[in-house]
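Here is a short tour of the structure, written to be read with the model open beside you. Please keep the viewer handy as you go.

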Amino acid sequence: MLRFILRRFASAVVVLFTISVMVYLIFFATPGVDPAARIAGRSASPAVVEQVRIAFGLNRPLPIRYLLMMDHLFIKRDLTSYVNIGDKVVPQILAAAPVTLSLVLGAVVIWLIVGVLGGLVAAANKGKFIDPLIMFLGIAAVSVPAYWLGEVVNLITQNELHSSVFAWLPAPGWVPLTQSPGEWALHLLFPWLTLAALYAGIYARVLRAELVNALNEDYVRTARAKGLSERRILLRHALRCSLISITSLFGLDVGALVGGAALLTEVVFGLPGVGLLTYNALENLDLPVIMGTVMYGAFFIVLASAVVDVVYALLDPRVRIV
Amino acid sequence: MRQLRRNRAAMLALGVIVLIVTACLLAPFYAHVIAHENPFASNITGTIRLNGKTVNVLQANTQGLGYGVTPIGPTWHFSNYFLGADDQGRDVFARLLYGGRSSLYIGASSAVICVAVAAIAGVAAGYFGGAVDWIVSRIFDIIWAFPVYLLAISLSVILETNGINFLFIHIEQGSLTIPILIIASVFIPYVGRPLRGIVLSLKEREFIQAAIGSGASDFHILRKEILPNVAPTIIVFFPLMVAFNMLTESALSFLGIGVQAPQASWGTIINDGLGLLYTRPLVGIMPGLMIVLTAGALNVLGDGFRDAFDPKAKLRGSI
C-alpha cells in the first residue's frame, strides 16, 4: 500500500512539473507574442517593457527563463504585477484562498446531502413519478450556467423582495469566519446554494445510474435470496458499492472547484476569492496574476486526483495492483 | 432508431433544438426585414414608434437624482424591441438571435472537431498500442490533469488578443475559430479516453482476433470491425459535447475571453446585462434561459441516444 501511495505521489509531481512547463510555454513562448509587452500591460512605455524583459530574464534561453519564473513563483514568492504596480502575486493568492475554501466546503456539504438523497430516492422509486422528476431536475442543473443562476438568485434576493421577504439577507460580499461566524454563513448562504445546486443535480444523476446498475448485480440477488429487506439492500449493499465511484468524481470536483472552477460563482456574488482575483486579472490582462492562479489551481487539482486514487485504493483493493 | 423515436422526451428535446436552431438561423431575416435595424451598431440617440408615439430608446432616468439613462424595456411588439434594448440601445431580441447563432455554431463545430480528433486518437491508441498508445495517452493525461477552465482561460488570454500566427496558420483575433479550437482541444480526453478503453477491450474479442488471423489489413479491420462498434458511443457523446461546449463558450464569453465584440453570443449578452440586472433584468435573463433550454434539450437527447444505442455507456456527468 505504501508503495502504491509513493508511486502515486511521484507521478503527481511529474504531472505538476509538466503542467507548469505547459503553462509557462502558453504564456511566455506562444509564437508571435511578445511576452514582455503582454506582462507590462496595455499602455506601457518602451522603458517599462524593457524593464520587464530584464526582470523576467526574457533575454535569456528558454529553460533558464522557466527556472527563473518558478523561482519567483514558489521560492522567492516575489512575482510582481505590472498592471497594479507593486502588487505581489503570491500573497494575494494566499489571502484569497480562505474565501474560496469557505465557499467550496459549504457547498460540498449541501450538494452531498442533496445529491445522495436525490439519487437514493430516484433509484428506490425507479419507474414511478418521482424518479423522472428528480432526473429532470438533474438535467436542468447540468444545463444551467452557474454565473447566470447566481445572477437570477441576486435578482430575486437583492431586488424588490429585499425589503420584505429577504430583509434578513445582507448585501453580497464577504465576512471572514474569524470576525463573525454568523455573518460569514449568512453572506455565503446563497453562494453555497447556487454552487451546490449544480453539483447536487450531477451527483443525483450519477448515483442513480450506479445504484440501478448495482441493483442488477449478483450480490444484490444473493441479498434478496437471503430475505433481506429492500431498504437494507439499497442502503447497506448497493449504496456502499456505488459510493466508490462517486468518491473519485467527488475528489476531482472538489479539487477543480478549489482550483478555480468556483470562479464564476465568486464573480457573481462578489466574493474576493481566487476566482475573483483571476477575473480581475483577466479584465486587465494581468499575466503574472493569471499565471499564478492557474498554477495554484493546477496544484489543487493534481493533489486532489492523487488523494482520490489513494482513497480509491483503500476502498477497493483490486486497484492497488495496477 | 425505433426505440429513439418512441422516446417522447428525446423527441420533444429534438423539436426544441430544431426550433431554436431555425429561429437563430432566421436572425438576419428578423433584423433586416421585420425590425429594420442593425443589432450590432449602438443606437444611443435613436427613437422608435410605439403605439403611435415616438419614444427614445434610451430614456433619461426619472428616479433618484435623474442622472444616466435606462434603456427601453420590453415593448412586446414583435417588430420593434420585443425584449427592449441594452445599454447601447441595441435590440436585445435581435441580438439574442444573432448570439444564438454564434453559441450554437461554436458549440456544434467545436464538438465536431473534438469528437473527430478524439475518435481518431483514441481508436489509434487503442488499436495500435505501443508507442502510439503511449504518446496519445500521455497527451490525454496532461490535458486531463489540467483544470478545464484554467486551460481554456490561459489559451484564450494569449490567443484572443493576438490571433494565431503559427507557421502557415493565420487566424485573425476576434475570429470565432479561436474559441472553437480552444474548447475543442480541452475536451478531447473526455471523449478520447473512453473510446480508447472500448477499442482495447474490442481487440481481445474473438471476431477481431479472427479478422487479424485471416490476414485482414489494419485499415479493413478498423473500418469494418472497429468503427461499427465504436460508432454508437461516438453518437452518444456528440449531443452531450455540444451542450458542454456551449456552456464553456458562454462562461468564457462571460469572462470576456470567448466571443469578442462586435460579435455576440449568449454569454456576452449575459455579460452586457450584468449592469442592467436591477433595471432591465430581461437583458441578462433571456440569453441564460436560452442556454438552459438548449443545453437541457441536448442533454435529454443525449440520454435518449444512450438508451437507444449504447445503454451501458458510462459518461461523466459534469465538465
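## Where the chains meet

In this predicted model, 45 residues of chain A are in contact with 38 residues of chain B; two residues are in contact if their C-beta atoms, placed from the backbone, lie within 7 Å. On the chain A side, the elements giving two or more residues include helix 1 (2–28), helix 8 (181–214), helix 10 (230–261) and helix 13 (287–315). Helices (H or I, at least four residues) and strands (E, at least two) are DSSP runs, numbered from the N terminus.

By class, that side of chain A, which touches chain B, has 31 nonpolar, 10 polar and four charged residues. Here Ala, Val, Leu, Ile, Met, Phe, Trp, Tyr, Cys and Pro count as nonpolar, Asp, Glu, Lys and Arg as charged, and the others, Gly among them, as polar.

A note on conventions: residues are numbered from 1 along each chain as its sequence is written, while chains are lettered from A and ligands numbered from 1 in the order in which they are written. As the model is predicted, local features need pLDDT of at least 70 and side-chain atom pairs count only at pLDDT 80 or more, whereas totals for chains, interfaces and linings use all residues.

## A loop residue in chain A

Leu79(A) sits in the loop between helix 4 (62–75) and helix 5 (89–124) of chain A. Is Leu79(A) buried or exposed? Leu79(A) is buried, because 23 other C-beta atoms lie within 10 Å; the cut-offs are 20 or more for buried, 12 or fewer for exposed, and partly exposed in between, with C-beta atoms placed from the backbone.

Leaving aside neighbours within four places in sequence, the contacts of Leu79(A) include His72(A), Leu73(A), Val90(A), Pro288(A) and Gly292(A). From C-alpha to C-alpha, Leu79(A) and Leu68(A) are 10 Å apart in space, and 11 residues apart in sequence.

Chain B has 11 helices and six strands, and buried residues make up 47% of its 319 residues. Among chain B contacts between residues at least 6 apart in sequence, 69% join residues at least 24 apart.

The largest nonpolar core has 178 residues; such a core is a set of buried Ala, Val, Leu, Ile, Met, Phe, Trp, Tyr and Cys residues joined through C-beta atoms within 7 Å. Cys114(B), Val115(B), Ala152(B), Phe187(B), Val191(B) and Met241(B) touch the most other members. Leaving aside neighbours within four places in sequence, Met241(B) is in contact with Ala111(B), Cys114(B), Val115(B), Phe187(B) and Val191(B).
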